[in-house]
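Please keep the model open in your viewer and follow the stops below in order, making each selection before reading what is there.

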Amino acid sequence: MSTADPYSRDVLQLAANIPHLERLAAPHGSARKVSRLCGSEVAVDLQLDGERVSAVGLDVSACALGQAAASVLSANIAGADRAELAAGLDALNAMLTGAGEGPQGRFEALRVLAPARSYPARHGSIRLALEAALAAFDDARNNPAAGLS
């Protein structure tokens with residue numbers, strides 16, 4: 001088991017400074033995800049411009065690790081398409097299970113959470129923001145009122 005502290009200064013700074021911490025008034029898509037193991041919750045609202053995120057709003061009730069992941073997502077999601085979100089989640093999962101080094105590109109800052117791989121009970125909370133963002137993206141795609149195709 002790693003001796004690295006998952007609650008590093010960088011993680012705590014991210015957790016304390018989550019951008020876009022208010023729900024959008026008229027989102028194209030929304031989703032809420034809950035970690036059954038720890039009870040953490042993240043809700044994500046998205047507006048899309050075509051196939052790219054143009055605005056995000058969050059509601060986060062999670063441990064510092066889940067808050068840090070939400071902070072990274074919120075700070076870097078503008079301009080992302082669904083494939084980037086899915087690749088970020090896949091790379092995050094690989095990092096947490098020890099099968100990869102972590103996300104690259106716009107979500108590379110999630111690597112600060114690598115020491116949490118030794119704490120599987122927190123993995124669900126760490127994944128919530130990206131999982132909710134993907135679900136909100138899909139919700140927007142399926143929302144006729146959003147005018148997206």
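A crossing of two helices is called left-handed if the near helix is turned anticlockwise from the far one by less than a right angle, and right-handed if it is turned clockwise. Helices (H or I, at least four residues) and strands (E, at least two) are DSSP runs, numbered from the N terminus. The model is a predicted one, in which local features need pLDDT of at least 70 and side-chain atom pairs count only at pLDDT 80 or more, whereas totals for chains, interfaces and linings use all residues. Residues are numbered from 1 along each chain as its sequence is written, and side-chain values use heavy atoms, with hydrogens and water left out.

**The helix pair**

Begin by selecting helix H2, residues 64–76, together with helix H4, residues 123–141, which pack at an angle of about 35 degrees with their axes 6 Å apart; the axes are lines fitted to C-alpha atoms, for helices over the stretch in contact, and angles run from 0 to 180 degrees between N-to-C directions. The crossing of H2 and H4 is right-handed. Now show the side chains of Leu 65, Gly 66, Ala 69, Ala 70 and Leu 73 in H2, which meet Ser 125, Ile 126, Ala 129, Leu 130 and Ala 133 in H4, where contact means heavy atoms within 4.5 Å. By class, this contact of H2 with H4 has 8 nonpolar, 2 polar and no charged residues, counting Ala, Val, Leu, Ile, Met, Phe, Trp, Tyr, Cys and Pro as nonpolar, Asp, Glu, Lys and Arg as charged, and the others, Gly among them, as polar.

**The core**

Stay on Leu 73, which, leaving aside neighbours within four places in sequence, is in contact with Leu 58, Leu 85, Phe 107, Ala 129, Leu 130 and Ala 133. Which residues touch the most other members of the largest nonpolar core? Of its 41 residues, they are Val 44, Leu 73, Ile 77, Leu 85 and Leu 113. Such a core is a set of buried Ala, Val, Leu, Ile, Met, Phe, Trp, Tyr and Cys residues joined through side-chain atoms within 4.5 Å, and buried means under 20% relative accessible area, exposed over 50%, and partly exposed in between (1.4 Å probe, protein chains only). H4 gives the most to this core, with 10 residues.

Next select His 123, found in helix H4, which counts as buried because its relative accessibility is 9%. Leaving aside neighbours within four places in sequence, His 123 is in contact with Leu 96, Ala 116 and Arg 117.

**Val 60 and the cysteines**

Val 60 lies in strand E3 and is buried, with a relative accessible area of 17%. Not counting residues up to four places away in sequence, Val 60 touches Ile 18, Leu 21, Glu 41, Val 42, Gln 67 and Ala 70.

Select Cys 38, partly exposed at 29% relative accessibility, and Cys 63, which is buried at 17%. The structure holds 0 disulfides, a disulfide being a pair of cysteine sulfur atoms within 2.5 Å.

**A last stop**

Finish at His 20, in the loop between helix H1 (9–16) and strand E1 (29–34), where phi is near 60 degrees, a positive value in a residue other than glycine. Most residues other than glycine have a negative phi.
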